[in-house]
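The report below describes selected features of a single model, with attention to how its parts are placed relative to one another. Please read it alongside the sequence and the coordinates.

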Amino acid sequence: MSLIEFEVRDAVAWMTLASPPVNALSTALMDELSAVLAEHRPPEIRVVVIRAASGARVFSAGHDVRELPTNGRDPLTYNDPLRTLVRNVETYPAPVIAMVEGSVWGGACELVLSCDLVFAGDTTTFALTPARLGVPYNLSGTLNLLKVADMHFIKEMLFAARPVSATRLESCGVVNAVVPVDRLEQTTTSLAADIASASPLVHRIMKEELRVLSNAHPLTPEAYERIQALRREVYDSDDYQEGIRAFLEKRRPVFHGS
Ligand code: YXS
């Protein structure tokens with residue numbers, strides 16, 4: 001059964017997450033979305049829209065917790081499906097719009113924020129919950145947050161690990177626009193049509209320029225090693241195991257900070 005519904009309308013590729021009940025980002029779903037992006041390219045496709053089904057209460061529950069490693073391995077390294085999918089969105093040679101209806105959790109925030117534009121319904125929320133699961137938020141995702149939001153807001157989202165309204169993210173410039181949910185698809189379609197009528201070559205060049213420039217952060221080997229050591233401290237911890245166990249056992253986790 002397909003986990004991504006695909007439709008092209010006037011050179012706009014609509015990719016709908018279709019993995020009930022909560023569009024958890026399983027390896028199967030993420031690999032299928034990457035495959036659909038690889039198969040449908042410009043110039044036939046001028047814009048991509050990634051969305052959930054109309055009326056979705058949950059856009060995506062984030063990384064499939066059942067697939068997080070529990071053997072002391074970094075859960076989100078370079079070749080992991082979520083990191084691969086995020087890079088595929090960031091390097092896709094045309095604008096990718098996230099049309100977000102419903103609640104967005106954990107790694108799904110990373111997927112949405114990797115898109116070039118984000119349009120959300122007025123009931124949409126975003127929650128970064130690694131602290132509730134004892135999981136280290138991924139390094140590139142943290143950098144992506146730093147690119148689009150202020151430090152205090154980022155710390156609120158990561159430390160409190162609770163849903164924040166799309167309206168607040170819009171006021172911080174993280175979300176392009178929040179519209180009444182019953183006008184979300186019409187608004188997104190109109191914007192996509194405007195983009196699709198412009199030069200695909202200029203879009204491709206400008207998108208890649210912006211990606212290269214925004215990633216131009218010199219990171220010394222010492223800084224990288226320091227960060228890796230911090231991450232290992234987390235995913236080697238008992239708290240990491242407890243976070244995943246508690247989720248699967250449907251109970252509140254009891255963290256001891258080690
Ligand atoms: O009990 P069954 O078998 O029906 O399954 C339940 C949930 O266990 C399952 N489910 C998930 N399975 C795998 N991975 C998930 N992320 C996940 N979320 C939920 O789906 C079935 C229905 O869930 P239920 O009963 O809770 O539905 P609900 O409508 O009451 O609540 C929907 C949510 C999304 C509010 C709730 O399921 C929830 O809070 N899920 C966890 C959201 C979350 O914390 N995601 C972060 C995952 S970790 C991640 O993304 C990265 C590693 S990071 O943290 O770094 O960003």
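The model is predicted, and it contains an open sheet of 4 strands whose order is S4-S6-S8-S9, with mixed pairing. Strand S4 (58–60) and strand S9 (164–165) stand at the edges, and because each has a single partner strand, one side of each is left without a neighbour in the sheet. Between S4 and strand S6, which spans residues 103–105, the pairing is in the parallel sense and runs over 2 bridges; within this part of the sheet, Ser60 stands opposite Val104 in S6. Helix H3, made up of residues 107–114, packs on the sheet and touches S4, S6 and strand S8 (125–127), with a direction that makes about 105° with that of S6.

**The helix pair.** Helix H3 also packs with helix H2 (residues 81–90), at an angle of about 15° and with the two axes 9 Å apart. Since angles under 35 degrees count as roughly parallel, H2 and H3 are therefore described as roughly parallel to each other, and their crossing is right-handed. On the H2 side the residues that meet H3 are Leu82, Arg83, Leu85, Val86, Val89 and Glu90, while on the H3 side Gly107, Glu110, Leu111 and Ser114 take part.

**A residue in H3.** Is Glu110, at 1% relative accessibility, buried or exposed? Glu110, which has its place in helix H3, counts as buried, because its relative accessibility is 1% and the cut-off for buried is under 20%. Leaving aside residues up to four places away in sequence, Glu110 touches Arg83, Val86, Tyr137, Asn138, Ser140, Gly141 and Asn144.

**The cysteines.** A search of the whole structure finds 0 disulfides. The sulfur of Cys115 has its closest cysteine sulfur in Cys109, and because the separation is 12 Å, that sulfur is too far for a bond; the cut-off for a disulfide is within 2.5 Å. Cys172 is likewise in no disulfide, the nearest cysteine sulfur being that of Cys109, 14 Å away. The table sets out the relative accessible areas of two cysteines.

| Residue | Relative accessible area | Class |
|---|---|---|
| Cys115 | 7% | buried |
| Cys172 | 25% | partly exposed |

Technical notes. Residues are numbered from 1 along each chain as its sequence is written. This is a predicted model: local features need pLDDT of at least 70, side-chain atom pairs count only at pLDDT 80 or more; totals for chains, interfaces and linings use all residues. Side-chain values use heavy atoms; hydrogens and water are left out. Buried means under 20% relative accessible area, exposed over 50%, partly exposed in between (1.4 Å probe, protein chains only). Two strands pair if DSSP finds at least two bridges between them. Contact means heavy atoms within 4.5 Å. Axes are lines fitted to C-alpha atoms, for helices over the stretch in contact, and angles run from 0 to 180 degrees between N-to-C directions. Angles under 35 degrees count as roughly parallel, over 145 as roughly antiparallel, 65 to 115 as roughly perpendicular and the rest as oblique. A crossing is left-handed if the near helix is turned anticlockwise from the far one by less than a right angle, and right-handed if clockwise.
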